[in-house]
Amino acid sequence: MAGGYGPPIYPPAQTYHSQARRGGEVGCSICRCFLNCLGCCGGCILSIVCNILIGIAVCLGVVALILWFILRPNVVKFQVTEANLTRFDLEPHSNNLRYNLSLSFSVRNPNQRLGIHYDRSEARGYYGDQRFAEVDMKSFYQGRKSTTEIGTELNGESLVLLGSGGRKDLREDRKSGVYRIDVKLRFKIRFKFGFLNSWAFKPKFKCHLKVPLGSSGSKGGFQFHPTKCHVDL
């Protein structure tokens, strides 16, 4: 407007950011970068560890396979060669079983390159599904391709609770004079190859026996026959 004053002119508004806010944004960026680096490194380390573990497992599997082809381990064979039952009385009121059973075993190691340390041996007697006896046997070492004779005796008194089926079987066994007794064998063994010993194994075997009461056989003339034992799974 000529000769007059126009409207006032103001300078453009300026936006001010505080130094603290800029510092916070920089700090957050550093944190995010650091966390991203940690995630990347963690993933790389985890991948390396997994690859190492897989490699170790493969190597151990190959070594085990090679050793198996070289040594060809075979299962030990157990057989009850003699069984002598002189007492097997169950009192009907107290359910106490008095027993006396002597056993002889033949142990065959069929391996040509492996000896066996029997660090712990245990025999358990069962009638039906009830355990009535437990005894430790002597530890021993068995050489390659050899047979060892061992023996033990189960005698004493124990509480045995038979069901109706078990009592029926007991009546039948008393009548025939032949008792159906199971013997379970538990071992802690180590294989030996040269100067090397393996870690411990704990195999179990089960022997189903028919044993006449008395040394002269049953009433019908039944005699005990050598009985093979089988791996108990």
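**Aromatic rings and the charges over them**

Me: Why is Phe-78 called buried?
Reply: In this predicted model, the relative accessible area of Phe-78 is 4%, and because buried means under 20%, Phe-78 counts as buried.

Me: How do you know whether Phe-187 is buried or exposed?
Reply: Phe-187 has a relative accessibility of 4%, which is set against the limit of under 20% for a buried residue, and therefore Phe-187 counts as buried.

Me: How many aromatic pairs does the structure hold, and why is the pair of Phe-78 and Phe-187 called stacked?
Reply: There are 11 aromatic pairs. In the one formed by Phe-78 and Phe-187, the ring centres are 4.8 Å apart and the planes lie at 25°; pairing needs centres within 6.5 Å and stacking needs planes under 30 degrees apart, so this pair is stacked.

Me: What makes this a link between distant parts of the chain?
Reply: Phe-78 belongs to strand E1 (residues 77-90) and Phe-187 to strand E7 (residues 178-193), with the two 109 residues apart.

Me: Why is the pair of Phe-187 and Phe-205 called edge-to-face?
Reply: Their ring centres are 6.2 Å apart, with the planes at 75°; since planes over 60 degrees apart count as edge-to-face, the pair is given that name. Phe-205 lies in strand E9 (residues 204-212), 18 residues from Phe-187 in strand E7.

Me: How do you know that the charged end of Lys-184 sits over the ring of Tyr-126?
Reply: The charged end of Lys-184 is 4.5 Å from the centre of that ring, and the distance limit is within 6 Å. Lys-192 likewise lies over the face of Tyr-141, at 5.5 Å from the ring centre.

Conventions
Residues are numbered from 1 along each chain as its sequence is written. This is a predicted model: local features need pLDDT of at least 70, side-chain atom pairs count only at pLDDT 80 or more; totals for chains, interfaces and linings use all residues. Side-chain values use heavy atoms; hydrogens and water are left out. Rings of Phe, Tyr and Trp (its six-membered ring) pair if their centres lie within 6.5 Å; planes under 30 degrees apart count as stacked, over 60 as edge-to-face and the rest as tilted. Helices (H or I, at least four residues) and strands (E, at least two) are DSSP runs, numbered from the N terminus. Buried means under 20% relative accessible area, exposed over 50%, partly exposed in between (1.4 Å probe, protein chains only). A charge sits over a ring if NZ of Lys or CZ of Arg is within 6 Å of the ring centre and within 35 degrees of the ring normal.
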